[in-house]
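I am opening my notebook to look through a structure piece by piece. Come along and check each entry against the picture.

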Amino acid sequence: MTDPATSATDITRTQAWGALSAHHAEVRDEHLRDIFAADPGRGSDLTVTAGDLYFDYSKHRVTRETLRLLVDLARTADVEARRDAMLRGEHINTSEDRAVLHTALRLPADALLSVDGTDVVHEVHEVLSRMGDFTDLLRSGEWRGATGERIETVVNVGIGGSDLGPVMAYRALRAYAEGGISARFVSNADPADIIGQLSGLNPETTLFIVASKTFSTLETLTNATAARRWLLDGLRERAGESVLDGAVAKHFVAVSTHAGRVSEFGIDTDNMFGFWDWVGGRYSVDSAVGLSLMAVIGREQFTEFLAGFHTIDEHFATAPLEQNAPVIAALLGVWYSNFFDADSRAVLPYSNDLKRFPAYLQQLTMESNGKSVRADGTPVTTSTGEIFWGEPGTNGQHAFYQLLHQGTRLVPSDFIGFAEPTEDRATIDGEGSMHDVLMSNFFAQTKVLAFGKTAEEITEELEAAGTPLDVVPHKVMPGNRPSTTILAPKLTPSVLGQLIALYEHAVFVEGVIWGIDSFDQWGVELGKTQAIELVPVLTSTESPAAQDDSSTDTLVRRYRGLRGR
Ligand code: F6P
């Protein structure tokens, strides 16, 4: 079944897949109530501790036999060999002929990894130490702007992987912000974004980090150009023309793999922090793309962040598949996507600080695994790419949980919670901490999702209260809705790194099983090219060139009319 040219496996034609299909037909209607009754030890047995993450997968619609068959599937797909090939730096991103080495970004300095003849660990640590030196200068106030003021705000200008990771982590680790630097993030081509983000900032104390792997992304270059104009206009207004010479070098740094384009933009390449083509954008928060985060939390906490990733990398590389948290997470994803036909996965952090985590995961998972062809170019033979979405609890409980509990769709969910709050100064009438209230919701929801409440139980309650019974069907909580619980001691830089690495590796394992290249993203290119082609059509005052289709043609003409062109 393995194609030697690409090592892609048509997994649906394997014996392991067939065994799972047959098993699914047998167990698909089993209820978690019965599964738990038949196997009371599963609440503690079906768990894995990976680093600081306690990963409880017992509330899934799987028996121990299901898990055995799923692990067989992983072995059939050669997950271990593929994992090792990735960690060694083989070019597993076949459509771009690149290594996939985000794990090298968090290797300790004394680790050895040479890829394509280069000492990767040395290069990584060289950049990390330049980042550390630079952020030390910012934080100590030694780095001064054009008028001699110290920098108070860094503005990260980037999009996709050059934005979502840093903004998510900045927000998640707000309690670790010390050193007097705050950050803002500009990503969207919508001018409202940059206008809003720059509002209230003083150009004299602002430094822009232009983060773009390719340094060719339209949104980022447009925003960076607007930022440069804002800076120079603002400095001129405040301090006169004389401060402008060399001002860009003092207020702009770049994070990129492309020195030529950085220098063309006018940023001194001495102030450029590099990374490598073997770091995918959506896997880059732990590269120089995390510079804004390091500026805010400092190099020591950033080192902790990297150490967290590395803890899970080690777990992923060494734990047997049966006790390997990312592997189990991936296998459950496959189980629901391909056997139960579930379309989406909810990610529900019970931490307001993780508000942007679902958005971050959307790029990580959907840009990686939203593919219709296998690595060898042949069509996939089963659905791929779960749709990730979510919001922090408890807010989501008052918005979409109704559908999770009683809707017709099966939505497996990941609940992420912490034993210690980031901060918890408030108490409620002396009854305990707000964090305990939050966490009681966390535990209650997974319990209700799994076990629900039967018509008999509800009837009994209503009868005891002497209330009419016609509401019974509306009140029935079907249960049997699967969830993973991830419990960690506290949302620290290390734990955040661990969480990200857990999902990164789960995405990889799903991709291996589906036989796809999880590390390219050709699907976003055509829209980018066509947007660039459409700019002159929208802005010209000449009669517009006809568009290929009548809908776009009419819309463009209408837009131009509304814009008075
Ligand atoms: O949207 C496609 C994409 O290439 C992402 O993969 C990437 O994270 C983002 O654009 C930004 O790219 P860059 O960092 O090169 O500006």
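**Ground rules**

I noted that this is a predicted model, where local features need pLDDT of at least 70, side-chain atom pairs count only at pLDDT 80 or more, and totals for chains, interfaces and linings use all residues. Residues are numbered from 1 along each chain as its sequence is written. Helices (H or I, at least four residues) and strands (E, at least two) are DSSP runs, numbered from the N terminus.

**Entry: helix α13**

Just after α13, I noted Asp341 with a positive phi of about 55 degrees.

**Entry: the five-stranded sheet**

Next I traced an open sheet of five strands, in the order β6-β5-β7-β8-β9, with parallel pairing. β6 (182-186) and β9 stand at the edges with a single partner strand each, so one side of each has no neighbour in the sheet. From one strand to the next, the twist averages 20 degrees; the angles run from 0 to 180 degrees between N-to-C directions, and the axes are lines fitted to C-alpha atoms, for helices over the stretch in contact. Two strands count as paired if DSSP finds at least two bridges between them.

**Entry: strand β8**

I then picked out β8 (residues 252-256). Five of its five residues are buried, so this strand is largely enclosed by the rest of the structure. Which way do its residues point? Phe252, Ala254 and Ser256 point one way, and Val253 and Val255 the other.

On to the partners of β8. β7 (residues 206-211) pairs with β8 in the parallel sense over four bridges, and Val210 stands opposite Ala254. β8 is joined to β9 (residues 272-274) by three bridges, and these strands also run parallel. Across that pairing I found Val255 opposite Phe273, while Ser256 has Gly274 as its bridge partner.

I also followed the chain from β8 through helix α11 (residues 259-265) to β9, and these make a right-handed β-α-β unit. Right-handed means that, with the strands pointing away from the viewer, the path from the first strand over the helix to the second runs clockwise.

**Entry: strand β13**

How many residues of β13 (483-488) are buried? Six of six are, so to speak, under cover: β13 is mostly covered. Ser483, Thr485 and Leu487 point one way, and Thr484, Ile486 and Ala488 the other.

β2 (residues 53-56) pairs with β13 in the antiparallel sense over three bridges, with Phe55 and Ile486 as bridge partners. β12 (residues 413-418) runs parallel to β13 and is joined to it by six bridges; there Asp414 stands opposite Thr484.

Most residues other than glycine have a negative phi, and most peptide bonds are trans. With that in mind, I listed some exceptions.

- Phe215 has a positive phi near 50 degrees and sits in the loop between β7 and α9 (218-239). It has 25 C-beta neighbours inside 10 Å, so Phe215 counts as buried.
- Asn480 has a positive phi near 65 degrees and lies in the loop between α18 (472-475) and β13. Asn480 is partly exposed, with 19 other C-beta atoms within 10 Å.
- Gly393 and Thr394 are joined by a cis peptide bond, with omega about 10 degrees. Thr394 belongs to the loop between β11 (387-389) and α15 (401-406).

**Entry: around the ligand**

Which residues come nearest to the ligand? Of the 15 residues around it, they are Gly160, Gly161, Ser212, Thr217 and Gly281. A residue is near a molecule or strand if its C-beta atom, placed from the backbone, lies within 6 Å of it.

Key:
A residue is buried if 20 or more other C-beta atoms lie within 10 Å of its own, exposed if 12 or fewer, and partly exposed in between; C-beta atoms are placed from the backbone.
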